[in-house]
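Subject: Structure handover

Hello,

Please look at it first, then read the notes below it.

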Amino acid sequence: YFGRKSGVRYGEINASQQVLDRVRLLAHGGVLRNNSDEAYGRPADRHVFDASVGVVIDFDQLSAQLSWVGLSSVNTPYPTTALRNKNGAVLKLSWSF
């Protein structure tokens, strides 16, 4: 993390399965390993896990992705605005050009 003397590693695995011509299912899992007891002046968990499942629909240049995303901890090394629960739906729209 910028300006911090903390070794951080992140590993992830992703999967995608096409179910229709323009529709794909997605799955993601990741783990963040923090070697410091605190980050940005606050305590942080050393291991944080994240996962998501979702669906993507492609419309030529536009794609829409709706996923449910979950994190294992609110004590992450990066600043967030969540108070208690960092699980929820995420809608992502992208335009390719």
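The notes below cover the sheet, a loop residue and a surface patch.

Please keep in mind that this is a predicted model.

The sheet. Five strands make up an open sheet, and their order is E1-E2-E5-E6-E7. The pairing is antiparallel. Strand E1 (8-20) and strand E7 (88-95) are at the edges; each has a single partner strand, so one side of each has no neighbour in the sheet. On average, neighbouring strands of this sheet are turned by 20° against each other, direction ignored.

Within this sheet, E5 and E6 run antiparallel and are joined by 10 bridges.

The loop residue. Between strand E5 (47-59) and strand E6 (62-71) there is a loop, and Asp-60 is located in it. Asp-60 is not a glycine, yet its phi is positive, at about 55°. Is Asp-60 buried or exposed? Its relative accessibility is 68%, and the cut-off for exposed is over 50%, so Asp-60 counts as exposed.

The surface patch. Three residues, Val-19, Leu-20 and Leu-25, form a nonpolar patch on the surface. Together they have about 270 Å² of accessible area. Leu-25 belongs to strand E2 (residues 23-34). With a relative accessible area of 42%, Leu-25 is partly exposed.

Regards

Key
Residues numbered from 1 in each chain as written. Predicted model: local features only at pLDDT ≥ 70, side-chain atom pairs only at ≥ 80, totals over all residues. Heavy atoms only, no water. Helix = DSSP H or I, 4+ residues; strand = E, 2+ residues; numbered from the N terminus. Buried < 20%, exposed > 50% of the residue type's maximum accessible area, 1.4 Å probe, protein only. Patch = residues over 30% accessible without salt bridge, like charges linked within 9 Å, V, L, I, M, F, W, Y side chains within 5 Å. Areas by Shrake-Rupley, 256 points an atom, 1.4 Å probe, with all protein chains shown as cover. Salt bridge = Lys/Arg side-chain N within 4 Å of Asp/Glu carboxyl O. Pairing = 2+ DSSP bridges. Axes fitted to C-alpha atoms, helices over the stretch in contact; angles between N-to-C directions.
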